[in-house]
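Come and look along with me.

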Amino acid sequence: MQVAGQFPRLSSRSKAILKKVLLGDNGIAARRLALDPLSEAFDLTPDALHARFLRHAPALAAQAAAQALKEAGLDAEKVDAVIISTCTGYLCPGLTSYVSERLGLRADALNLDLVGQGCGAALPNMRAAEALLAARRCDNVLSVCVEVCSAAFFLDNDPGVLISACLFGDGAGAAVLSHRPDSGRRRIEWKIAGSLLSVEDRDYLRFDQQKGMLRNILTRQVPGLAAKYADRLSTETLARARLSRGAIAAWILHAGGREVLRAMQERLGLTEQSLRWSAAVLREFGNLSSPFVYFVLKGALADDAPGGWWWMSSFGAGFSCHGALLEVE
């Protein structure tokens, strides 16, 4: 058994927080971390964390993107644009350079790297893709979110840092957005979307950087804020579509953690059954940050969720909240 060198230097309170979160009922049964070998978990220098992101983020993003292309039955040369979101590391050139190379995308494909949107990035990413399609600039857009959260893990006495190290996992999600749906697959049509940005709440959920390392600012206010803005955004967007909340057949929601899901359930008036796909992803993978909603959407489709109107929503740094109304066969 190995112990991180920082652990003995933690306060008694910090050790108690780790024990409570890791060993208690936090809604998470497993996580996947990009550590090879496992002993990398104890190498927490800025250079080691950056090297972890550089090594694993392109690989995870390319793997998810390749699977999305395969499931869509689309050749890489047919991709007109690729949009990749991340917040757990920085590369220049960005991840699109590495992923385009691995996938063999055309040299003239549009490459867009989006950073700094935190856990909520998937919906702005897809909105950008939808805008390219609506403007007839592209026929097929590859949307990817990837986070190597373990590249932002370390230990000190800040509760937000400690809890983040216990909740987040590594992963990537991808989807192909196209003008022409595959006739052999279930049709998902993007209808309308919305976003809310509350700058006055910015400091409750964001990244800071100290001593060359990303520090997650994670506060007690997050569950309440997430539920508050998810409620407001869904109400406003559904009103534009002249739909009531009861018309939603499936809820595709980002889950920042067990307490966030509970707050969402109470504020939105949902049942545990409505949140089962979000809860299942949280249980199996932990908080994946921006890729999370791709996993929830895939889970709902695999479970043959009823057709009709679906609501997909995410929240993240900013404090920001995003949502989209989908019509599903």
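My entries on a hairpin and some aromatic rings follow.

**Ground rules.** I am working with a predicted model, where local features need pLDDT of at least 70, side-chain atom pairs count only at pLDDT 80 or more, and totals for chains, interfaces and linings use all residues. Numbering runs from 1 along each chain as its sequence is written, and side-chain values use heavy atoms, with hydrogens and water left out.

I looked up strand β6 (residues 205-210) and found it paired with strand β7 (residues 213-218), antiparallel, over six bridges. Strands here are DSSP runs of E with at least two residues, helices are runs of H or I with at least four, both numbered from the N terminus; pairing takes at least two DSSP bridges. Opposite Q209 I found L214 of β7. Two residues separate β6 and β7 in this hairpin, and K211 in the turn has a positive phi of about 55°.

**The rings.** I found three aromatic pairs. Rings of Phe, Tyr and Trp (its six-membered ring) pair with centres within 6.5 Å; planes under 30 degrees apart are stacked, over 60 edge-to-face, the rest tilted.

F285 is partly exposed at 22% relative accessible area (buried is under 20%, exposed over 50%, partly exposed in between, with a 1.4 Å probe and protein chains only).
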